[in-house]
Amino acid sequence: MRRMRKKILVIEDERDIADLIRLHLEDLNYLVSVARDGNTGLRKSSAGSWDLIILDLRLPGVDGLEICRRLRQRSEYVPILMLTSKSSELDRVVGLEIGADDYVTKPFSILELTARVKAILRRAEFFDRSKMQAMDTVQVGKLTIDPATRSAVVRGEAVELTAREFDLLFHFAKHPGRVFSRAELLDRVWGYGHDGYEHTVNSHINRLRAKIESDPAHPDFIVTMWGVGYKMSALLDREQCA
Ligand code: CA
């Protein structure tokens with residue numbers, strides 16, 4: 001089977017960095033396009049179909065966070081790798097919260113950047129929409145998840161989920177009763193696990209609970225295993241059969 005070359009958009013105003021990234025990604029056989037300001041970046045990111053967007057946060061014109069926010073309002077999911085400066089911890093946190101997939105802190109080594117790029121693209125392939133369309137609906141208690149439409153219904157009502165929340169829920173639902181540590185969840189659902197990220201898992205779990213649990217403080221579906229991680233309760237299946 002012929003493999004399509006992956007298309008990557010780099011939105012970065014610093015010419016040296018943009019050129020360096022382009023050079024190395026082209027070496028890895030990716031198709032690379034560069035936008036040097038926020039407005040061009042926003043236009044290109046909405047116009048094309050990209051496999052990945054590498055997004056600098058500090059840009060002339062529309063800034064990176066705003067671009068990220070707008071991309072996440074669209075139904076089509078495109079992975080985003082943020083470039084942040086060392087001093088902007090807040091930007092990183094906000095960026096991850098609004099749906100960036102990962103970040104690299106400037107100054108970064110090109111090896112680190114390409115490793116992240118590969119990891120994100122691997123994950124994106126795993127959660128590929130066209131592959132998910134071939135998967136069956138998953139049922140856990142009163143929760144039904146349809147990977148083909150990326151939709152979830154709980155107690156007869158449709159729930160609105162972000163792309164990441166959906167992937168997380170789907171991952172749990174496929175493995176009822178199995179405990180996953182935060183690091184494992186980062187690795188499997190985010191595609192790349194590293195320190196300082198685990199609060200991202202917690203906040204996604206909290207948001208997911210707010211959407212699917214009747215009492216988020218006493219969850220029925222996604223249960224905390226203290227000191228270990230989280231699991232999808234396996235008791236729900238039995239409940240349903242009873
Ligand atoms: Ca910049």
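**Entry 1: a strand pair and its sheet**

I started at Thr-144 and looked up its bridge partner, which is Val-153 in E8. This is a predicted model, so I am reading all of what follows as prediction. The two strands here are E7 (residues 143–146) and E8 (residues 151–154), and I found them paired in the antiparallel sense over four bridges.

Next I widened the view to the whole sheet. Four strands make it up, in the order E6-E7-E8-E9, and the sheet is open with antiparallel pairing. Which strands sit at the edges? They are E6 (138–140) and E9 (157–159), each of which pairs on one side only. I also noted the twist, which averages 25 degrees from one strand to the next.

**Entry 2: the helices by the sheet**

I then asked what packs on this sheet, and found helix H7 (residues 163–174). H7 touches E6, E7 and E8, and its direction makes about 115 degrees with that of E7.

H7 also has a helix for a partner: H8 (residues 182–190) packs with it at an angle of about 115 degrees, the axes being 10 Å apart. I logged the crossing of H7 and H8 as right-handed. From H7, the residues that meet H8 are Arg-164, Asp-167, Leu-168, His-171 and Phe-172. H8 brings Leu-185, Arg-188, Val-189 and Trp-190 to this contact. Sorting the residues of the contact gave me five nonpolar, one polar and three charged.

**Entry 3: a hairpin**

Further along I looked at E11 (residues 222–225) and E12 (residues 229–232), which pair in the antiparallel sense over four bridges. They form a hairpin with three residues between them. In the turn I checked Gly-227 and read a positive phi of about 75 degrees.

Which residues of E11 are on the covered face? Ile-222 and Thr-224 are, while Val-223 and Met-225 are on the uncovered one. Across the pair, I found Val-223 opposite Lys-231 in E12.

**Entry 4: the calcium ion**

Last, I looked up what coordinates the calcium ion: Asp-13 (OD), Asp-56 (OD) and Arg-58 (O), at 2.1 to 2.4 Å. In sequence, I wrote the donor spacing down as D-x42-D-x1-R. Asp-13 lies in the loop between strand E1 (7–11) and helix H1 (15–27), and Asp-56 in strand E3 (residues 52–56), so this pair ties together parts that are 43 residues apart in sequence.

Are these two aspartates buried or exposed? Asp-13 is partly exposed, with a relative accessible area of 29%, whereas Asp-56 is buried, at 3%.

Definitions and conventions:
Residues are numbered from 1 along each chain as its sequence is written. This is a predicted model: local features need pLDDT of at least 70, side-chain atom pairs count only at pLDDT 80 or more; totals for chains, interfaces and linings use all residues. Side-chain values use heavy atoms; hydrogens and water are left out. Donors are N, O and S atoms within 2.8 Å of the metal (3.2 Å for Na, K and Ca); water is not among the atoms, so sites may look incomplete. Buried means under 20% relative accessible area, exposed over 50%, partly exposed in between (1.4 Å probe, protein chains only). Two strands pair if DSSP finds at least two bridges between them. Axes are lines fitted to C-alpha atoms, for helices over the stretch in contact, and angles run from 0 to 180 degrees between N-to-C directions. Contact means heavy atoms within 4.5 Å. A crossing is left-handed if the near helix is turned anticlockwise from the far one by less than a right angle, and right-handed if clockwise. Ala, Val, Leu, Ile, Met, Phe, Trp, Tyr, Cys and Pro count as nonpolar, Asp, Glu, Lys and Arg as charged, and the others, Gly among them, as polar.
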